[in-house]
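Let us take a friendly walk through a structure with more than one part. Have a look at the picture, and then read on.

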Amino acid sequence: MSEAVIKLDNIVKSYGKHDVLKGVSMQVNKGDIYGLIGKNGAGKTTIFKMILGLSEYTSGTVSIAGSESKKQLFANRRKIGFFVGSNFYGYLSARDNLQYFARAKGIPHKEINKEITRVLDIVGLEDNKKPYKGFSLGMKQRLGIGNAILGNPEILILDEPTNGLDPQGIADVRHMIRRLRDEYNMTVIVSSHILGELEHTADRFGIVHNGIVAKEINQDDLKSKKPEVNIALSVKDIERAQKLLADNGINILHEVEDKMTLEDFYFDLIGGAAD
Amino acid sequence: MIKLIYADLYRIFRKKSFVGIMIAFFIISYISCLLGTVRSDMSTASFLDSLRKFTEKGFVLLLISIPIFLAVYSDEVSSHSMQCIIGRGVTRKKILWAKLIDSVSLTVIVFTLYMLLQYLMVITTDGLKFSPSQIGAYAAYGLICVLKIVAAASFSMMVLFITNSIPLGVFCMILFTTISPNIIRILYLQGISVMNYSYDMILIRSMDKLTAGASAWELIPWSAVYILGAWFITYLFFRRKEFDF
């Protein structure tokens with residue numbers, strides 16, 4: 001049985017008579033990349049706030065890394081790194097901002113510089129010396145992710161990490177998430193309202209709708225939805241292909257005149273990769 | 001908590017505007033004090049009195065207290081960095097204690113440097129020399145100023161963290177540092193002066209006692225009541241505060 005690193009059981013969050021979360025239950029297992037999906041305002045960020053202790057839940061229980069008491073819950077939050085927006089001091093450089101958080105997080109003094117260099121290298125900000133207030137949106141997002149992975153946490157929470165990024169930035173974040181799980185054994189929870197973005201990144205998904213996690217599915221569920229196997233063929237002579245398939249008893253469901261996508265053009269031109 | 005305090009102090013001393021304002025303040029206050037206060041024909045006692053009057057002009061305390069308040073408290077609110085610390089399992093109580101200790105530490109450091117500069121002025125001026133009792137009175141005066149700034153910062157922190165409004169927090173800091181004694185002085189409740197029960201009056205009375213070489217033990221419990229009282233009220237609001245990203 002999989003080991004649950006984050007477990008929410010019937011979490012309710014109310015503001016007066018208005019229930020924002022109406023009984024959220026979800027489980028994230030060790031080693032998962034868990035995609036939390038839902039439209040804007042569905043409650044994804046509120047769920048993260050409950051996990052991180054930035055907002056109190058009205059009822060229910062939250063367990064992190066098997067915590068069974070409030071005290072353990074507090075202590076185990078130290079195992080989480082998270083990105084929920086770029087919360088940095090405008091007058092400090094990327095390195096100085098990370099110095100502050102590294103000290104506050106209790107990373108041993110001797111390891112701080114080495115750890116910051118490692119993190120800045122991962123997020124591609126190693127040579128940047130200017131103050132944070134002069135950063136582009138993409139750089140701010142990268143530094144936010146850098147802060148999240150500072151100290152090599154066991155659990156990583158990323159709230160809409162690709163917001164405002166260009167196509168290359170989005171592709172980089174996807175790569176980074178997989179790398180952090182595969183190379184650093186992190187369990188990742190990542191939210192987005194763009195379904196296509198998470199489909200190829202996450203292993204499991206929680207669909208947030210109307211203040212609850214309406215369904216949890218995994219990649220196998222996505223594959224098993226359709227009983228027949230569909231294959232796509234790229235052919236130049238459509239009439240010959242139709243005849244060939246019909247002669248062999250294979251049905252053609254639909255024909256699509258395929259066009260280049262904007263992403264294809266973009267990555268063909270600049271030489272990057274979407275996946 | 002020590003790591004949090006260390007991180008905060010590291011951050012504040014990396015803030016160029018804070019360090020720049022402090023250096024400019026030291027230079028300006030030294031020169032203006034030198035030009036306006038020091039005369040070779042004055043006694044050390046009258047010199048000490050002049051220094052006190054110079055510091056009490058208000059702008060000295062404001063120039064020290066506002067940058068400290070902005071660096072310790074306001075930057076935290078404007079950057080939302082506190083959320084990152086809470087999310088990593090640091091309790092809200094520890095954060096508030098760290099903030100209080102930050103403001104005490106910074107005020108002590110800055111005010112000590114300011115007073116050392118004044119002391120330097122004395123020992124480099126012909127004919128002036130502090131007697132041991134004057135040094136004691138001088139140090140007592142420093143302590144009173146530090147307590148005044150820390151108390152003002154604690155009350156302003158309370159307003160800032162409850163309302164989340166930086167301008168209101170800064171306004172309170174100005175109010176508590178310079179304006180409030182003048183307002184309280186003219187306030188009477190059923191014929192009794194409010195000033196008699198204010199923290200400013202406690203500081204003034206304690207200063208008089210310390211200058212006269214007497215004990216002012218009541219300063220400790222009263223300071224605890226005012227400063228820790230403000231801290232506790234802040235905590236009551238802060239412990240359940242909802243944070244946005």
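## Two chains in a predicted model

In chain B, residues 24 or more positions apart account for 77% of the contacts with a separation of 6 or more; a contact here means that the C-beta atoms of two residues, placed from the backbone, lie within 7 Å. Before going further, note that this is a predicted model, in which local features need pLDDT of at least 70, side-chain atom pairs count only at pLDDT 80 or more, and totals for chains, interfaces and linings use all residues. Residues are numbered from 1 along each chain as its sequence is written, while chains are lettered from A and ligands numbered from 1 in the order in which they are written.

Let us stay with chain B for a moment. Chain B has 10 helices and 2 strands, where helices (H or I, at least four residues) and strands (E, at least two) are DSSP runs numbered from the N terminus. Along the sequence, the pattern is α-α-α-α-α-α-α-α-β-β-α-α. The radius of gyration of chain B, taken over C-alpha atoms, is 19 Å, close to the 18 Å that the globule rule gives for 245 residues, so chain B is as compact as a globular protein of that length. That rule is 2.2 Å times the number of residues to the power 0.38. Of the 245 residues in chain B, 32% are buried, meaning that 20 or more other C-beta atoms, placed from the backbone, lie within 10 Å of a residue's own.

Where do the chains meet? The contact takes 29 residues from chain A and 26 residues from chain B. On the side of chain A that touches chain B, α3(A) gives the largest share, 7 residues. The table sorts that side by class, with Ala, Val, Leu, Ile, Met, Phe, Trp, Tyr, Cys and Pro as nonpolar, Asp, Glu, Lys and Arg as charged, and the others, Gly among them, as polar.

| Class, side of chain A touching chain B | Number |
|---|---|
| nonpolar | 14 residues |
| polar | 9 residues |

Strand β1 (residues 4-15) of chain A is joined to β4(A) by 5 bridges, and A:Lys7 stands opposite A:Ser63 in β4(A).

Finally, helix α9 (residues 238-247) of chain A has 10 residues, of which 0 are buried, so this helix lies largely in the open. After α9(A) comes A:Gly249, with a positive phi near 70°.

Terms used. Buried ≥ 20, exposed ≤ 12 C-beta atoms within 10 Å, placed from the backbone. Pairing = 2+ DSSP bridges.
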